[in-house]
Amino acid sequence: MKEYNQEKDTVIISFDKSCSGLDEIHELGLKLCNIPSDIGRYDGHEVAIDDSHGTLFAYGNNAEELFKEMEPILREYDFLREASVYLRFEKKDSTYSELNFKIV
């Protein structure tokens with residue numbers, strides 16, 4: 001099994017639509033926790049007190065592979081339609097590249 005390296009890639013999902021509350025976020029989190037550990041891990045969320053917007057965080061060896069694993073789960077939730085996706089790819093020389101797009 002491949003372990004995480006020190007230069008973890010990052011996936012951040014930001015949403016601006018209201019969810020149905022913390023129960024829905026926790027349900028989503030439980031599903032994201034089932035991502036194979038050799039691909040990455042879901043690290044948690046931050047949600048506004050009124051559930052109007054929030055952010056999901058995940059880390060892994062390859063941000064693109066990690067997002068591809070997360071995407072079918074994310075598409076199950078209406079409040080994540082039009083969510084912003086940020087992928088950060090760490091490089092060995094301590095630089096990084098980024099990719100931003102929307103879930104459509």
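Helix α2 lies across β1, β2, β3, β4 and β5, and runs at about 30 degrees to β1. Before I go on, please note that this is a predicted model.

Let me describe the sheet. It is open and has five strands in the order β2-β3-β1-β4-β5, with antiparallel pairing. β2 and β5 are the edge strands, as each pairs on one side only. From one strand to the next, the twist averages 15 degrees.

Which of its residues are buried? They are Ala63, Leu66, Phe67, Met70, Ile73 and Leu74. These residues are on the same side of α2 because they cover an arc of only 110 degrees around the axis. As a general point, an α-helix has 3.6 residues a turn, so residues three or four places apart point the same way. On the other side of α2, Lys68 and Pro72 are exposed. What covers the buried residues includes α1 (22–32) as well as strands β1, β2, β3, β4 and β5.

Last, the start of the helix. Asparagine 62 caps the N-terminal end of α2, with a side-chain oxygen 2.9 Å from the backbone nitrogen of glutamate 64. Asparagine 61 sits in the loop between β3 and α2. Is asparagine 61 buried or exposed? Asparagine 61 is buried, because its relative accessible area is 15%, under the 20% cut-off. Its side chain reaches the backbone oxygen of aspartate 38 at 3.4 Å.

Key. Residues are numbered from 1 along each chain as its sequence is written. This is a predicted model: local features need pLDDT of at least 70, side-chain atom pairs count only at pLDDT 80 or more; totals for chains, interfaces and linings use all residues. Side-chain values use heavy atoms; hydrogens and water are left out. Buried means under 20% relative accessible area, exposed over 50%, partly exposed in between (1.4 Å probe, protein chains only). Helices (H or I, at least four residues) and strands (E, at least two) are DSSP runs, numbered from the N terminus. The arc is that of the directions from the helix axis to the C-beta atoms. Contact means heavy atoms within 4.5 Å. A polar contact is a pair of N or O atoms within 3.5 Å; within protein, one must be able to donate a hydrogen and the other to accept it, and residues adjacent in sequence count only if both atoms are side-chain atoms. Two strands pair if DSSP finds at least two bridges between them. Axes are lines fitted to C-alpha atoms, for helices over the stretch in contact, and angles run from 0 to 180 degrees between N-to-C directions.
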